[in-house]
Amino acid sequence: DVRIPANPADLKNNRPIFNWEDVPGATGYVLQIAYNDRFTSLFWSKTVTQSVFFPPGDLPRGRALYWRFYPKFGSTSGEKSEPWLLYTATPPSVPGLASPSSGALLRDFTPRLN
């Protein structure tokens, strides 16, 4: 079973590429990400046309999540893949400028930024 991210995966960023092997005859896929391995608490479920998916936004920070996919054959669905585990990253927050204040008029060409 070749899938990305691996099982288990420690993500370096929270917008990973999801990729899996094509299923012959599939017209699309459903990709699911859940908070538990029974998929009773879904984060999201997306229908996609290819066996690769680039999330439009970040996954929740610092969480254990499970992902799986299943193929679609027109109006019927194929067998669900085994759930795989991933751990999302907890990146540091973006620093903010303390001084000088935004729009400040400076008299020095080498201001101290804090």
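A: Start with one residue pair. Tyr66 stands opposite Leu85 in E9. A strand here (E) is a DSSP run of at least two residues, a helix (H or I) one of at least four, and both are numbered from the N terminus. This is a predicted model, in which local features need pLDDT of at least 70 and side-chain atom pairs count only at pLDDT 80 or more, while totals for chains, interfaces and linings use all residues. Residues are numbered from 1 along each chain as its sequence is written, and side-chain values use heavy atoms, with hydrogens and water left out.

Q: In which sense do E7 and E9 pair, and over how many bridges?
A: First the idea: strands of a sheet pair through backbone hydrogen bonds, either parallel or antiparallel. Two strands count as paired if DSSP finds at least two bridges between them. E7 and E9 pair in the antiparallel sense, over four bridges.

Q: Which strand does E4 meet over seven bridges?
A: E7, residues 64-73, and the two run antiparallel. Val30 has Tyr70 as its bridge partner in E7. Leu31 stands opposite Phe69, also in E7. E4 also has six bridges to E5 (residues 42-48), again antiparallel. There, Tyr29 is partnered by Val48 of E5.

Q: Are the faces of E4 covered or open?
A: In a regular strand the side chains alternate between the two faces of the sheet. Buried means under 20% relative accessible area, exposed over 50%, and partly exposed in between (1.4 Å probe, protein chains only). In E4, residues 28-34, seven of seven residues are buried. One side carries Gly28, Val30, Gln32 and Ala34. The other carries Tyr29, Leu31 and Ile33.

Q: In what order do the three strands of the open sheet come?
A: The order is E1-E3-E6, with antiparallel pairing. E1 (3-4) and E6 are the edge strands, each pairing on one side only. Two bridges join E1 to E3. Ile4 has Asn19 of E3 as its bridge partner.

Q: How many salt bridges does the structure hold?
A: Two. The rule is a side-chain nitrogen of Lys or Arg within 4 Å of a carboxyl oxygen of Asp or Glu. Arg15 and Asp58 meet at 3.1 Å, N to O. That pair links distant parts of the chain, 43 residues apart: Arg15 lies in the loop between E2 (9-10) and E3 (18-20), Asp58 in the loop between E6 (52-53) and E7. Asp37 forms a salt bridge with Arg38, with the closest N and O atoms 3.8 Å apart.

Q: Why does Arg38 count as exposed?
A: Because its relative accessibility is 59%. Asp37 is partly exposed at 40%. Arg15 is also partly exposed, at 42%.

Q: Which residues does Ser99 contact, leaving aside neighbours within four places in sequence?
A: Contact means heavy atoms within 4.5 Å. Ser99 touches Arg112, Leu113 and Asn114 by that rule. Ser99 sits in the segment after E9 (84-87). The C-alpha atoms of Ser99 and Leu31 are separated by 45 Å.
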